[in-house]
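Dear colleague,

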Amino acid sequence: MRILSWAYLAAIFVFIFLPVVVLVLFSFQDSRLPIPPFDGPTLKWYATVLADRNMMEALANSLLVALISAAIALLLGFFAAQGLSRVKLPGSVLMRGVLIAPMTVSYLIIALGLLTVFNNLGFRPSLWTTGIGHVVINVPLCFAILFAAMGDHQKNAERAARDLGASELQVVFLVSAPMLKPALLAAYFLAVTFSWDEFIIAFLLTRFDVTLPVEIWSMLRSGLSPATNAIGSLVFLVSIAILIILELTVFRKSKS
Amino acid sequence: MTADVSLQSIDQYFGDFQALENINLHFDAGEFVVLLGPSGCGKSTLLFILGGFLAPTSGQVLIGGEDMSRVAPKDRPTTTMFQDYALFPHMSLRDNVGFGLRMRGQSRKARHDRADEMLDLVGLLDKANHKPHELSGGQRQRVALARALAVDPEVLLLDEPLGALDLKLRRQMQEELKAIQRKVGTTFVHVTHDQEEAMAIADRIVVMNHGKVEDAGPPEDVYLRPKTLFAANFMGDLNRLSAAQPARVGDYIECVRPENIGPAGEVALGDAILENAAFFGTYHRCHFQVLDEVKTSYVAHLPIGELPQVGDTVSLFASNVVTLEVTE
Amino acid sequence: MTIEHQERRRAFGFVTPALIWTCAFFLVPFAVMVLLSLAHLEGREIIQTYDLDNYVKIFTEPSLFKGIVVSLEITLIVTVISILLAWPLAWIIATQVPQRYQRLAIMLAVLPFWTSYVVRSYAWALVLGQNGVVMQALIGIGILDEPIQIMATRAATIIGFVHFFVMLLTLTIYSNLIQLSPNYARAAADLGASGWNTLRLVILPLTLPGIMTGAFLTFVLCIGDYITPQILGGNNELTMPQLIMLQLGRRGDFPMASALSVILMMLVTLAYAATARWLKMERV
């Protein structure tokens, strides 16, 4: 059983890591096609993408949209969870359903709906419209994470704070938010990642200022290139770095 | 600070369910009051009404003579010590205890001094910079007490604060609570379902059942001269005298506590055989069967060293017999 | 006004902004889309009518109807394969890997999540291509004489999807497994069950919530995804999202795209109904 387990583990890890390894390895390819045999290493493709003005603009756009839309989604989700976890409201099941609903719908449908409405209203596709779409998909995520994190424990502490004379805002900023810090950070980080990586909404709702996934997509049209590997590897590296920093600082601490 | 508390004709409904029915009580300033009853009897509901977390469906709450029935918790001269303590996990003990004063706009210096004073009162001054998760259950309980008392409330409400502690620690905390209450003089209203705890700490016990007050008074009165059969049963074991037939609602029956049965007393119960006995440390718990037609049996607590042989026949007597109406 | 009323009013105040946002930018657009699916495209004009012509067309025109069939087939195959691969992985990590390395193992198992979705499909295109690593390796070992076509077939789409959803399902099943008390297995063994029977009759049924939550998510994400079939599957057989994008791109046929979207939505609702009793969406 042991040996069988480890063999299975090894095999499936090969499957899981295969594309990532190939992606990173051939970003160091010297020739113009990212296929075997490997003839690197070189960093020239990294230099190419870092010097690519369109690519860097798209990266900046993505970052902007991700940071801002995730912040709005976090705020909306946090307040909604705060409201719904506190008292039983008439229709709270329905409200919860409405807030969670976008999570169960394909992004393509959300994008198409927004595109239709924005067309009718005469809104031009832009980073703003993309941002609005990203808030829509991230509110359920933030709400669900924070709602699950607000137990009786949280409610009792808030009640105790109110009993000791805290106003509503003081309760939120001095008790609720600090107590939920790990969940808030996790929700924000996930929301940033989702927005940062989102393709179809950004594809349909931007025109001239595009985000990074859309820019990469148009790069794919011109065929295979180690430059695509390079930008893909860079994005991966940054995500992993943030993940490790979060794991080592926030989540390790909060566990003790 | 301290104040008296009056509850006047309090009714509380949750939908169709009546949680409290016509509650009228008065607590003197500085009293240690215990609300006692089985779970679901309405004692916690009553405490929440006192604290302002619930508004009564009808009736009035007067604290220090002022009507507080519709006043928010933070504007009342009450603080609550919650069942799970509800300490703020991200704040040090000093910040936890100083929280109420911070909300009242006191300077950092003033509230730290007061917090340290209160932590000293509960014996945790050396841990002022620790976080709640570094403490044991009993220590958390003390911090919660210090935090609730730091704002100098007129009335302190305690919602089963000792429920999570083990038996030995609970007995110890009872004594500490009582000592601290004597020291600060605040009116304490304490909820529990443990009648021994109630007798150990209360100046006045209020026994509740099904949303009604069954009995209220000093522990000796409630124990020795209970007003209702429910209160008598809830406070401890009870024997029914001459139980020839099953009691029906409306009957009056005579009752006596096990420790009031023995070889001497005011009322003769007749000759009885000792069927079995168990040693309980401070007394022997004995089952007797009377040699009459119906074979009435009694439970008696006999002092150590006064135990007859099992199978012996003894003449039994009872004292402090009370007569109570059967209500259910 | 009573205290409860104040509390409620405050709570409503907290929920309202999120509700308004979701209504304005999700429910309303969706409703508009449903209306639009009843309209017609004439020339380049959209005429708002109220008939089911688009739907009739989807079910009668083979090129459109095939999209539904292809999407369902791919999604079901992907879901089943992903569960079969992910369950043993989650079980091994939860029971065979020492406790202190479990968090590391699970983080490693989902590490490729953190590559961009578009880039991940591209990477599979590299791996599976005629001159890719897999073909070269298979020829090198001598299993194949010459490369076979995987790219631009359904197989490539399925491999790309399975890669992603194995990670997702491993997460949901693992978190289900570690919540189970070890006493279940002990009790089963105590009552005489073999290791295999314990797994089959006790542990597996207890992980149904994790499996079903993952399966539902897989269904939703897989059937609605445009990127993977477009990059890996090519244009030989089109899935519903590819058809929707085609309607938008080629002719600007919003009504037909909307009708296809509504059908896609209905399929998801059916999948939800089928798995609902195991799902706890708040916990996802």
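**Two helices of chain A**

The crossing of α3(A) and α9(A) is right-handed. Please bear in mind throughout that this is a predicted model. Helix α3 of chain A covers residues 53-86 and helix α9 of chain A covers residues 181-197, and the two pack at an angle of about 140° with their axes 8 Å apart. Angles over 145 degrees count as roughly antiparallel, and α3(A) and α9(A) are therefore oblique to each other. On the side of α3(A), the residues that make the contact include Ser62(A), Val65(A), Ala66(A), Ala70(A), Gly77(A) and Phe78(A), while α9(A) contributes, among others, Leu184(A), Tyr188(A), Val192(A) and Trp196(A). Sorted by class, this contact has 13 nonpolar and 4 polar residues, and no charged ones.

**Where chain C meets chain A**

The contact between these two chains takes 66 residues from chain C and 68 residues from chain A. Several helices of chain C each supply at least two residues of the side that touches chain A, among them α1 (3-36), α3 (62-95), α7 (154-177) and α13 (254-275). The largest share of that side, 20 residues, comes from α1(C). The residues of the side of chain C that touches chain A divide into 48 nonpolar, 12 polar and 6 charged.

**The domains and sheets of chain B**

Chain B is divided into domain 1 (5-231) and domain 2 (238-325), and the C-alpha centres of these two domains of chain B lie 38 Å apart. Between them, 5 residues of domain 1 of chain B are in contact with 4 residues of domain 2 of chain B; the side belonging to domain 1 has 3 nonpolar, 1 polar and 1 charged residues.

One open sheet of chain B is formed by 6 strands in the order β6-β7-β8-β3-β9-β10, with mixed pairing. At its edges stand β6 (78-81) and β10 (212-217) of chain B, each with a single partner strand, so one side of each is left without a neighbour in the sheet. Neighbouring strands of this sheet are turned by 20° against each other on average, if direction is ignored. Within the sheet, strand β3 (residues 32-36) of chain B pairs in the parallel sense with strand β9 (residues 204-209) of chain B over 4 bridges, and Val34(B) stands opposite Ile205(B) in β9(B). Helix α4 (residues 137-150) of chain B packs on this sheet, where it touches β6 and β7 (155-159) of chain B, and its direction makes about 170° with that of β6(B).

Another open sheet of chain B has 3 strands in the order β11-β12-β18, with antiparallel pairing. Its edge strands are β11 (239-240) and β18 (322-325) of chain B, each of which pairs on one side only. Strand β12 (residues 252-256) of chain B and β18(B) pair over 4 bridges in the antiparallel sense, with Tyr252(B) opposite Glu325(B) in β18(B).

Finally, strand β1 (residues 5-14) of chain B pairs with strand β4 (residues 58-63) of chain B in the antiparallel sense over 5 bridges, and here Val5(B) stands opposite Ile63(B) in β4(B). Ile63(B) also has a bridge partner in β5(B), namely Glu66(B), and 2 bridges join β4(B) to strand β5 (residues 66-67) of chain B, the two running antiparallel. Together β4(B) and β5(B) form a hairpin with 2 residues between them, and Gly64(B) in the turn has a positive phi of about 60°.

With kind regards

Technical notes: Residues are numbered from 1 along each chain as its sequence is written. Chains are lettered from A and ligands numbered from 1 in the order in which they are written. This is a predicted model: local features need pLDDT of at least 70, side-chain atom pairs count only at pLDDT 80 or more; totals for chains, interfaces and linings use all residues. Two residues are in contact if their C-beta atoms, placed from the backbone, lie within 7 Å. Ala, Val, Leu, Ile, Met, Phe, Trp, Tyr, Cys and Pro count as nonpolar, Asp, Glu, Lys and Arg as charged, and the others, Gly among them, as polar. Domain bounds come from an automatic or database domain assignment. Axes are lines fitted to C-alpha atoms, for helices over the stretch in contact, and angles run from 0 to 180 degrees between N-to-C directions. Angles under 35 degrees count as roughly parallel, over 145 as roughly antiparallel, 65 to 115 as roughly perpendicular and the rest as oblique. A crossing is left-handed if the near helix is turned anticlockwise from the far one by less than a right angle, and right-handed if clockwise. Two strands pair if DSSP finds at least two bridges between them.
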